[in-house]
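Visitor: I would like to learn how to read a protein structure. Please take me through one, feature by feature.

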Amino acid sequence: SWGRSSSPVAAAAAAAAATTVDELVADMLLRLEQTKGEPLDVRRNVFKELQRRLHPDKNCHCAEAATLAFQQLMELKTSYLRPST
């Protein structure tokens with residue numbers, strides 16, 4: 001039928017994209033959690049590495065997922081890079 005907006009292929013692609021977003025975000029959060037006690041210069045390097053890894057331009061195969069993960073990373077920037085006192 002022509003009126004269907006969702007096909008099994010589209011549904012599978014959407015599920016794969018959601019899994020990819022979940023995986024990217026989970027990996028990112030794990031890396032941030034593992035390094036949150038490190039000195040500020042180490043955390044800056046970790047953050048830059050994550051920015052490069054998650055940037056949508058570097059992830060053409062999953063640009064949508066990378067965009068969402070990158071946005072979440074940027075939301076955490078201030079709290080993660082806050083100097084420890």
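Predicted model: local features only at pLDDT ≥ 70, side-chain atom pairs only at ≥ 80, totals over all residues.

Visitor: Which residue does R53 form a salt bridge with?

Guide: The partner of R53 is E49, and their closest N and O atoms are 2.1 Å apart. Both residues belong to helix α2, where they sit four residues apart, about one turn of the helix. The general idea is that an α-helix has 3.6 residues a turn, so residues three or four places apart point the same way.

Visitor: What do salt bridges with shared partners do to R31, E49 and R53?

Guide: They join R31, E49 and R53 into one network.

Visitor: How many salt bridges does a search of the whole structure find?

Guide: The search finds three. One of them pairs K36 with E33, whose closest N and O atoms are 2.9 Å apart. K36 is exposed, with a relative accessible area of 51%. E33 is partly exposed at 47%. The cut-off explains the two labels: a residue counts as exposed over 50%.

Visitor: Now a charged residue without a partner. What is the nearest side chain of opposite charge to R43, and how far away is it?

Guide: It is D41, 7.5 Å away. A salt bridge needs the nitrogen and oxygen within 4 Å. R43 is found in helix α2, and it is buried yet has no salt bridge.

Visitor: Which residues does R43 touch, leaving out those up to four places away in sequence?

Guide: R43 touches T35, K36, E38, Y80, L81, R82, P83 and S84. Take T35 from that list and look from its side. T35 is found in helix α1 and is buried, with a relative accessible area of 6%. Apart from neighbours within four places in sequence, T35 is in contact with R43, V46 and Y80.

Visitor: How do I read a whole helix? What length does α2 reach?

Guide: Compare the span with the one expected at 1.5 Å a residue. With 15 residues, α2 reaches 21 Å from its first C-alpha to its last, close to the 21 Å expected.

Visitor: Which residues of α2 are buried?

Guide: They are L40, R43, V46, F47, L50 and L54. These residues cover an arc of only 120° around the axis, which puts them on the same side of α2. On the other side of α2, N45 and R52 are exposed.

Visitor: Why look at the buried residues together?

Guide: In soluble globular proteins, nonpolar side chains tend to be buried together. Here the largest nonpolar core has 17 residues, and those with the most contacts inside it are L24, M28, L32, L50, L54, L73 and Y80. Helices α1, α2 and α3 each supply at least two residues of this core. As a case, L73 touches M28, L32, F47, L50, Q51 and L54, not counting residues up to four places away in sequence.

Visitor: How many helices and strands does the protein have?

Guide: There are four helices and zero strands, and from the N terminus on the elements run α-α-α-α. Of the 85 residues, 26% count as buried.

Visitor: What share of the contacts with a separation of 6 or more comes from residues 24 or more positions apart?

Guide: They account for 60% of those contacts. The pair T35 and R43, described above, can be found again on the model as an exercise in reading contacts.

Key. Residues numbered from 1 in each chain as written. Heavy atoms only, no water. Buried < 20%, exposed > 50% of the residue type's maximum accessible area, 1.4 Å probe, protein only. Lys, Arg positive; Asp, Glu negative; His and termini not counted. Contact = heavy atoms within 4.5 Å. Expected span 1.5 Å × (residues − 1). Arc of directions from axis to C-beta. Core = buried A, V, L, I, M, F, W, Y, C linked by side-chain atoms within 4.5 Å.
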